[in-house]
Amino acid sequence: MAKRSEKPTMMRFEPQAGWSEATGQVISLNEHVRELRDTPPDLPDPSALESIPTDALVDIGESMQEVFESLKISDPRLQAWTQVNAAIRLISGKLQERKTLQDRIATLETEIEGVRSLAAELVSNAYRSEQEIHETSKLRMQIAEELSQKLTVALKS
């Protein structure tokens, strides 16, 4: 039976080689910390998350969960990745819902513009109709006034 090392060793997963002991190149974190301190932090672009298709978000969440489930480590703390996956699904659903609503709003704005144009045309037509009625009424008043004057003269004589 193989004797296990009493001291735990750090392991590293390399996609093409699999699990190996974490030996090799040493990276100095102090240099990276100095670089981070000297340069302003890049703020994440809020539209970056929105530019990822919602299906891709769900795939990323599922892939993360599959990776951690494939490790077969029975640690209840790994349920956090299930929660992360659920949160990503929720974000994806909300982004899809927002896109649907934005599409609906765009459609409504087009419909509103059409109704506004129709209302403006109807107002113009109603105004022209009122002008015609007013012109006709003025003409009728002039005719009535002339007839009244002529009839008054004719009736007096």
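This is a predicted model: local features need pLDDT of at least 70, side-chain atom pairs count only at pLDDT 80 or more; totals for chains, interfaces and linings use all residues.

Student: OK, who does K99 pair with?

Tutor: K99 pairs with D103, and their side chains meet in a salt bridge at 3.4 Å, N to O.

Student: And how far apart are K99 and D103 in the helix?

Tutor: They are four residues apart in helix α4, so about one helical turn separates them.

Student: Is K99 buried, exposed or partly exposed?

Tutor: K99 counts as partly exposed, because its relative accessibility is 44%. D103 is also in the partly exposed class, at 41%.

Student: What about E97, which residue does it bridge to?

Tutor: That's K94, with the closest N and O atoms 3.8 Å apart. Those two sit three residues apart in helix α4, so there is about one helical turn between E97 and K94. E97 has a relative accessible area of 42%, so it is partly exposed.

Student: Which residue does E113 form a salt bridge with?

Tutor: E113 goes with R116, and the closest N and O atoms there are 4.0 Å apart. E113 and R116 are three residues apart in helix α4, which means about one helical turn separates them.

Student: Is R116 buried or exposed?

Tutor: R116 is exposed, with a relative accessible area of 55%. E113 is partly exposed, at 45%.

Student: Switching topic: α4 keeps coming up. Which residues does it cover?

Tutor: Helix α4 runs over residues 79-156. Confidence is highest there, at a mean pLDDT of 92.

Student: Where is confidence lowest?

Tutor: In helix α1, residues 29-38, where the mean is 51. Over the protein the average pLDDT is 77, and 62% of the residues score at least 70.

Student: How many helices and strands are there?

Tutor: The protein has four helices and two strands. Going along the sequence, the pattern is β-β-α-α-α-α.

Student: How much of the protein is buried?

Tutor: Buried residues are 6% of the 157 residues. The accessible surface comes to about 14500 Å², and 59% of that belongs to carbon and sulfur atoms.

Student: Let's look at S92 then. Buried or exposed?

Tutor: S92 is buried, because its relative accessible area is 6%, and buried means under 20%. S92 lies in helix α4 too.

Student: What does S92 touch, beyond its neighbours within four places in sequence?

Tutor: S92 is in contact with T54, L57 and V58.

Student: Last one: is Q79 buried or exposed?

Tutor: Q79 is exposed, as its relative accessibility is 53%, and it lies in helix α4.

Student: How far is Q79 from Q65?

Tutor: They are 14 residues apart in sequence and 9.1 Å apart in space, C-alpha to C-alpha.

Conventions: Residues are numbered from 1 along each chain as its sequence is written. Side-chain values use heavy atoms; hydrogens and water are left out. Buried means under 20% relative accessible area, exposed over 50%, partly exposed in between (1.4 Å probe, protein chains only). Contact means heavy atoms within 4.5 Å. pLDDT is the predictor's confidence in each residue, from 0 to 100. Accessible areas come from the Shrake-Rupley method with a 1.4 Å probe; for residues, only the protein chains shown count as cover.
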